[in-house]
Amino acid sequence: MRRAVPMAAVLLLVAVAAPLAPLAASAPVEQRYPATTHTCSAPAAPGLRGLAAAVRTCTFRNLYLYRGHAYYLSEGPAPDFAQLALYMHMWAPPKRPEQPWFLKGGYSPALFASLLARGTVVPPLERLPLAYLWRGYEVIPDAASGATCNGQSRVAAKSNYYHFVGEYLPLISATLCEEFGHCQPYGNRSALRIIDVAPPRGNPCNVQELYPPYFREGLACLSDSPLLHLAGSHLGSRLTLVETVWVGLGPRCRGMQPFDCYTPGGSRLPISGAQMAAWRSTAERCFGFQGNAVASLHPVRLLLVDRLYESGRSILNVASVVQALRRRFSSQQVELRLEYMEGLTIRQQAEIFSWASVVVHMHGAAIGNYAFLPRGAVVVHISPFPGRWPPALPFQWARDLQQVTGIEVRHFVNEDWSRVQVVPDIVAQQAARRGGVAQLVKNATFYAQYRGTFQCPEWLGRLRTPCQQYMSRSLTASLPPGKVAELAEAAVLRLFAKQQQRWEPQLAVPGAAELADKAVVRMPWSIPQATAATAEAAGQGLPGSQTATSQAAGAAALGRAGGAAGVAAARRRPASGAAWAVGSRAGHGPIEVLRSPLSLPPAAVSWVLVALGGAMFATWLLRREPKLWEPPWLQQRDGKPP
């Protein structure tokens, strides 16, 4: 006689077996989750020795991305990932290989499947054919734009334009070709996805994927898929099987920061000329500039690059510099253009720099655009004060481009500290993030001393060095206009010599210098509103509004003397620099220039003032009642003679 099975036991058996039914009905675990394998090879570049000879790139097969990690599945023991000698950060010291935090081993396919089954819902398995894991460059909050990276704002953060465009993009392109055979990245963009593996701790902007627009624009030259972070909202919540994963940078380096990179006899190899040519060809197709163009001589195209006052290292007296250049060169021989790079895309900046024959700029992100210059161009790189930005950075970049474009960089350092000023907005930003700067600003006495000496005090101790480094970013300077004009003329002479031609300068238009001195620039109605916005800077003792007016006057001088080119330059101002977008609003044409018939040169005004002062003094002497001086013994005392 059969016993009846209790209904409760039946229901319990059904409840337990139901979640496992799909797993039992599907393929075996080994087929659903194939094991991971990897191969690492020595660098293909010859000539390495020492510890850097062990630096390798690795290719993984069947790597599983889930909840911010990459799982390595194997039946046996997992490899020691620290011994792979992977370098994913370009600035990592060569004696200290990185520990790939994102790799997790010790899981068999069956154990991995059981761990997934513990969840309420087994995530569907998505497949990705090819990915390159890149440790993204640091992205930090931008208080000026409202990017906080706290999960409450989706505003893009900020990073360093030069280090990304001038260092990481060429290096990634060279690594993909030399180490993995991916030598036509632009043509194979659809086959590759780039994934950021910057550590989540300390990189909230990277994890939230609040990358600056030029990050996505630049990496779009190598992959048409958007840049994602391994622990971001898109990949972090999915189970993704990547069939082929490339990891590592290899032994190559680009830029001055990597340890032992450009050192004679060093263990790191700079990027080769062929690799740089390949990257520039990719950039040419991606950003739409003419890579084979030669720097123009007739006319010479002179590009003056300034920075917004809030960015630091701006040219405070940009209007005077523009007038000095106009007085030095004839408009028939030299076409002058003043530009601001803030707010422009990489493609727009590539168009501007590919136009130029000679570039004059203050040290900054504009260095990253050297790759877009035409062949044979000459650059004048200016450091606003001594000791902070040596010329090694632009010189090494020009050296890497020498075999491709033959550009040349000249360097000038402003050693007059009386021309240097502090930008308070940048000081406030640095104080919010840097302890040494915060302590300096809290002490009014020492902060006042810094504004006079530009040296952080000794009592900061170990914070003095970072204080000095970050406070230097808040400095800006005016430049001697005559010296800038001399540097530009020497660059033009070198430009002609490089093309084996002779520069025959023509005299500027007769009376141009005098007319420039007498000119009174009338700004559009938008300028007073914009300069009023800088009242806060002016209230802190800094010439914020004066600087805005100076930069606006520089753009006005271009619009006055440069014709259509000057107006076009003024119309390309970014939205954040509306104070200098002169003549760009609807209904406003080129900048109007009013010349007063009563205006006189400064020297004549001085003589007129001296003459008026002398006439007033003579009149006072003539009207004064004369009084003869008498010796004491002849003076009367009490009405009686002595």
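This is a predicted model: local features need pLDDT of at least 70, side-chain atom pairs count only at pLDDT 80 or more; totals for chains, interfaces and linings use all residues.
**First stop: helices α8 and α15**

Select residues 318-328, which form helix α8, together with residues 481-498, which form helix α15. Their axes come within 8 Å and cross at roughly 50 degrees; α8 and α15 are therefore oblique to each other. The crossing of α8 past α15 is right-handed. To see the contact itself, display the side chains of Ser320, Val321, Ala324, Leu325 and Arg328 on α8. On α15, the partners to display are Pro481, Gly482, Val484, Ala485, Glu486, Ala488 and Glu489. Coloured by class, this contact shows seven nonpolar, two polar and three charged residues.

Next, select Leu304. Which residues does leucine 304 touch, not counting residues up to four places away in sequence? They are Ile315, Val318, Val321, Val322, Leu325, Leu336, Arg337, Leu338, Glu339 and Val360.

Leu304 also belongs to the largest nonpolar core, which has 101 residues. Trp134, Leu304, Phe353 and Phe372 are the residues with the most contacts inside this core. Select residues 161-180 to display helix α4, which gives the most to this core, with 11 residues. Apart from this core lies another, of 23 residues; among them are Cys58, Phe81, Leu103 and Leu128. In soluble globular proteins, nonpolar side chains tend to be buried together.

Move to threonine 59, in strand β2, residues 57-66. Is threonine 59 buried or exposed? Its relative accessible area is 13%, so threonine 59 is buried. Leaving out residues up to four places away in sequence, threonine 59 touches Thr37, His38, Thr39, Phe180, Thr244, Val245 and Trp246.

Finally, select methionine 88, found in the loop between β3 (69-73) and β4 (103-107). Methionine 88 is buried, because its relative accessible area is 6% and the limit for burial is under 20%. Beyond its neighbours within four places in sequence, methionine 88 is in contact with Glu98, Phe102, Leu133, Arg135, Val197, Val247 and Leu249.

Technical notes. Residues are numbered from 1 along each chain as its sequence is written. Side-chain values use heavy atoms; hydrogens and water are left out. A nonpolar core is a set of buried Ala, Val, Leu, Ile, Met, Phe, Trp, Tyr and Cys residues joined through side-chain atoms within 4.5 Å. Buried means under 20% relative accessible area, exposed over 50%, partly exposed in between (1.4 Å probe, protein chains only). Helices (H or I, at least four residues) and strands (E, at least two) are DSSP runs, numbered from the N terminus. Contact means heavy atoms within 4.5 Å. Axes are lines fitted to C-alpha atoms, for helices over the stretch in contact, and angles run from 0 to 180 degrees between N-to-C directions. Angles under 35 degrees count as roughly parallel, over 145 as roughly antiparallel, 65 to 115 as roughly perpendicular and the rest as oblique. A crossing is left-handed if the near helix is turned anticlockwise from the far one by less than a right angle, and right-handed if clockwise. Ala, Val, Leu, Ile, Met, Phe, Trp, Tyr, Cys and Pro count as nonpolar, Asp, Glu, Lys and Arg as charged, and the others, Gly among them, as polar.
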